[in-house]
Amino acid sequence: MRVVSRLLALSEDVWSSSGKSAIQTHVAQMIPDERPGDFNQAMMELGVTVCRKSKPLCLLCPIQEQCLAFARNCIEICPPKKPRRDTVDVELFALLFWRKTTDTLAIANRTKGFLSNTVGFPLIPAIEMSEVKRVLQSLQHLQLFELSSRFSHNITHHRISGKILVAQELDNPSISTESVSWQKLGLPQSFDWIPRSAVASKLSTSLDNKVFKLFQNYH
Ligand code: SF4
């Protein structure tokens, strides 16, 4: 994107899908029929070693004579800066299953939804929470309470704000948490019950660590 934008002095609209497809069209016309792989490799290397993002080495550049941005002295604006993405507010609930008798907490590998493929507490979009709460409240072996403290966290362009719902297992439950079909609610089906003293070492995101600290402050 950078090399071709400079080569053609493209200073506008290169990041939109129509801008990208226009660049692809240009590149398709440049690729030689013979050894197109070498062309790709050369363009990549040129971008990394010579036509760098800042301070490009134009005086050493093998395609300087063909470069319109160099000829027009507009390298600084080719390509233009990527537009910043708008911030998206996300409201989540962190669900902490707590087995008080053994002082263990349930964590899981989140396979979908927010922060998927990370290990931590189940995270539920606030919009889906009324259904999850309804199911949790119907389970006799759980007692629910919400922590008064909220957590907040920013990831890329997401501004996350959340509440913590603790689902405390009552002593000698008649059913086990594992026997409930959580997948219907979009939650992981299997949890690992981790002693509180070891939980911090198992969490893979700083958001989960914030949640855990708030729980520790409370209990
Ligand atoms: S002349 Fe400069 S801006 Fe143009 S392609 Fe070469 S290094 Fe990049």
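Q: What makes β1 and β2 a pair of strands?
A: Two strands pair if DSSP finds at least two bridges between them. In this predicted model, β1 (residues 88-99) and β2 are joined by two bridges, in the antiparallel sense. The cut-off is at least two, so the two bridges between β1 and β2 qualify them as a pair. W98 stands opposite L105 in β2.

Q: What do β1 and β2 form, and how many residues lie between them?
A: They form a hairpin, with four residues between the strands. D103 sits in the turn and has a positive phi of about 50 degrees.

Q: How do you know that β2 also pairs with β8 and β3?
A: Count the bridges again. Four join β2 to β8 (residues 192-195), and three join β2 to β3 (residues 118-120). The requirement is at least two bridges, so both counts pass. β2 runs antiparallel to β8 and antiparallel to β3. On the β8 side, I107 has D192 as its bridge partner.

Q: What makes strand β2 mostly covered?
A: A residue is buried if 20 or more other C-beta atoms lie within 10 Å of its own. In β2 (residues 104-110), five of the seven residues are buried. Hence the description "mostly covered".

Q: Why is L123 called buried?
A: L123 has 24 C-beta neighbours inside 10 Å. The threshold is 20 or more, so L123 counts as buried. L123 belongs to strand β4 (residues 123-125).

Q: Which residues does L123 touch, leaving out those up to four places away in sequence?
A: The contacts are L92, A94, R110, G113, F114 and L115. A contact requires C-beta atoms within 7 Å. For L123 and G113, the C-alpha to C-alpha distance is 8.0 Å, with ten residues of sequence separation. That distance is taken between C-alpha atoms, whereas the contact rule uses C-beta atoms.

Q: How many residues surround the ligand, and which are the closest?
A: There are 15, and C51, P56, C58, C61 and C67 are the closest. The elements giving two or more residues to this shell are α1 (2-7) and α4 (68-71). α1 supplies the largest share, three residues.

Q: What is the division of the shell into nonpolar, polar and charged residues?
A: The shell holds 13 nonpolar residues, one polar and one charged.

Conventions:
Residues are numbered from 1 along each chain as its sequence is written. This is a predicted model: local features need pLDDT of at least 70, side-chain atom pairs count only at pLDDT 80 or more; totals for chains, interfaces and linings use all residues. A residue is near a molecule or strand if its C-beta atom, placed from the backbone, lies within 6 Å of it. Ala, Val, Leu, Ile, Met, Phe, Trp, Tyr, Cys and Pro count as nonpolar, Asp, Glu, Lys and Arg as charged, and the others, Gly among them, as polar. A residue is buried if 20 or more other C-beta atoms lie within 10 Å of its own, exposed if 12 or fewer, and partly exposed in between; C-beta atoms are placed from the backbone. Two residues are in contact if their C-beta atoms, placed from the backbone, lie within 7 Å.
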